[in-house]
Amino acid sequence: MPEGPELHLASLYVNKMCEGVVFTGQVRKSEVSKSLDVPFTCDAYRITATSRGKEVKLTLTPIKSDEPKHRVKARQADQPMDIVFRFGMSGFFRFTTEDELPKHSHLRFHTNEKPCRVLSFVDVRRFGSWQPNGTWQPARGPCIMFEYESFRENVVSHMADHAFDKPICEVLLNQKYFNGIGNYLRAEILFRLNIPPFVPARTVLEGLESGDSCEKERPVKNENPDKKPKSDRTKEKKIKEETGDLLRLCHTVPLEVVNMGGKGYDPQKQDYSDFEAWLQCYYVDGMKSIRDHNGRTMWFTGDPGPMAPKDSKSPKKKSKAKKEDDHDYTDKKKVTKSRSAGGTKRTAIKQETVTKTPQKEKKAKAETEAGSKRKKTEKNKEENSPPG
């Protein structure tokens, strides 16, 4: 499932691909989608994107004509529209030609070029959604990455909430307080701090202050990781050395993912080896996993903690080929499909050769032995038959 870093990378991807591009016409929805129609039609408009936690907002802005007497046509938009997207299990954006339109493209924005190109919201499982004239969901808390001070304040000031009676691993998925944290992030954060997943959240969080006790760095800019300076390696090293403050790691660990690749959000290039190497706990060999009280798989090491579900069984580990179908949308996640597929194919061919060669030799040997036996029998008959 896409988490905060993936949605932020999605917004950067849209801004990069749509910079200077003019879109036109009606926003079109696929016939199979049950989501809302987008009542926006305009001869010329631009698209920009921004993210907040687990939401992405596209802003469609009409381009005003320089002609003083120009009038907006009937049913043509003359004001910007915001569309707020939630990605569900498998949502992402892709910018292609019309001929290369993805099969599961459910909302489309067409350019005024020839040949026409299309920005699509692609969602294979169709758990994602969009809201025309939408706003950020009020039930979601501040973004863990780009509203850090507000995020800390929101958690610390609500410590009496009954939500914090639950295990820390389950509270980390509560978007009211941890907007942007998902399954792989909670596993990595708790692992780094050596915190058992099923201990009371309040026990872990009590004592933390609304202000970060460590020396505050300059706020992280909401910028494209393609322009990452060389000094980022030093910053990443400092991030890895941070310990003790769970709220700080809820901020810094997602930013490691954002800053990791350099190529940004590109679902067409599925070289996820860097991300796989970055993971220390989630889906890593040797780690344990059980389902939490909500049925979500929790990866950890050591003792799960006193609040672990009773009789909870570890789910069967999926093969990596199947795991790769779960869109996670940085440019750097998991193993390359082509490489693993090629290796499997080569192995199959090798095994087939090893299996078939002895069978051919055995058959040839049997035929040779049968021929020799027939000749011997015929020769004996000739020798023993009476003369004519």
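Two housekeeping sentences before we start. Residues are numbered from 1 along each chain as its sequence is written, and side-chain values use heavy atoms, with hydrogens and water left out. Because the model is predicted, local features need pLDDT of at least 70 and side-chain atom pairs count only at pLDDT 80 or more, while totals for chains, interfaces and linings use all residues.

Let's begin with the open sheet. Five strands form it, in the order β1-β3-β4-β5-β9, and the pairing is antiparallel. Strands here are DSSP runs of E with at least two residues, helices are runs of H or I with at least four, and both are numbered from the N terminus. Two strands pair if DSSP finds at least two bridges between them. The edges are β1 (23-26) and β9 (129-132), and each pairs on one side only. Neighbouring strands of this sheet are turned by 35° against each other on average, direction ignored. For angles, axes are lines fitted to C-alpha atoms, for helices over the stretch in contact, and values run from 0 to 180 degrees between N-to-C directions.

Strand β5 (residues 81-86) is joined to β9 by four bridges, and the two run antiparallel. Which residue of β9 is the bridge partner of V84? That is Q131.

Helix α1 (residues 4-18) lies across β1, β3 (41-52) and β4 (55-62). Its angle to β3 is about 145°.

Next, the loops. K114 and P115 are joined by a cis peptide bond, with omega about 0°. P115 sits in the loop between β7 (105-110) and β8 (117-123). R126 lies in the loop between β8 and β9. N133 is in the loop between β9 and α2 (148-156). Are they buried or exposed? R126 counts as partly exposed, at 47% relative accessibility. N133 is exposed, at 53% relative accessible area. The cut-offs: buried is under 20% relative accessible area, exposed is over 50%, and partly exposed is in between, with a 1.4 Å probe and protein chains only.

On to the interior. A nonpolar core is a set of buried Ala, Val, Leu, Ile, Met, Phe, Trp, Tyr and Cys residues joined through side-chain atoms within 4.5 Å. The largest one has 49 residues, and V155, F164, I168, F178, I189, L205 and L246 touch the most other members. Several elements each supply at least two residues, including α1, α2, α5 (201-205) and β11. The largest share, nine residues, comes from α7. Take F164. Leaving aside neighbours within four places in sequence, F164 is in contact (heavy atoms within 4.5 Å) with residues including V155, H158, Y177, F178 and L205. Apart from this core lies another, of 29 residues, among them V38, C42, L58 and F95.

Now the hairpin of β10 and β11. Strand β10 (residues 288-291) and β11 pair in the antiparallel sense over four bridges. S289 has W299 as its bridge partner. Five residues lie between the strands, and G295 takes a positive phi near 85°. In a regular strand, side chains alternate between the two faces of the sheet. On β11 (residues 297-300), T297 and W299 are on one side, M298 and F300 are on the other, and all are buried.

Last, charges. The whole structure holds twelve salt bridges, each a side-chain nitrogen of Lys or Arg within 4 Å of a carboxyl oxygen of Asp or Glu. E55 and R86 meet at 2.7 Å, N to O. E55 is in β4 and R86 in β5, 31 residues apart. E55 is buried at 0% relative accessibility, and R86 is buried at 13%. K29 and D37 meet at 3.2 Å. There, K29 is partly exposed at 26%, and D37 is exposed at 57%. R248 pairs with D245, closest N and O atoms 3.4 Å apart. Shared partners join R152, D212, D245 and R248 into one network.
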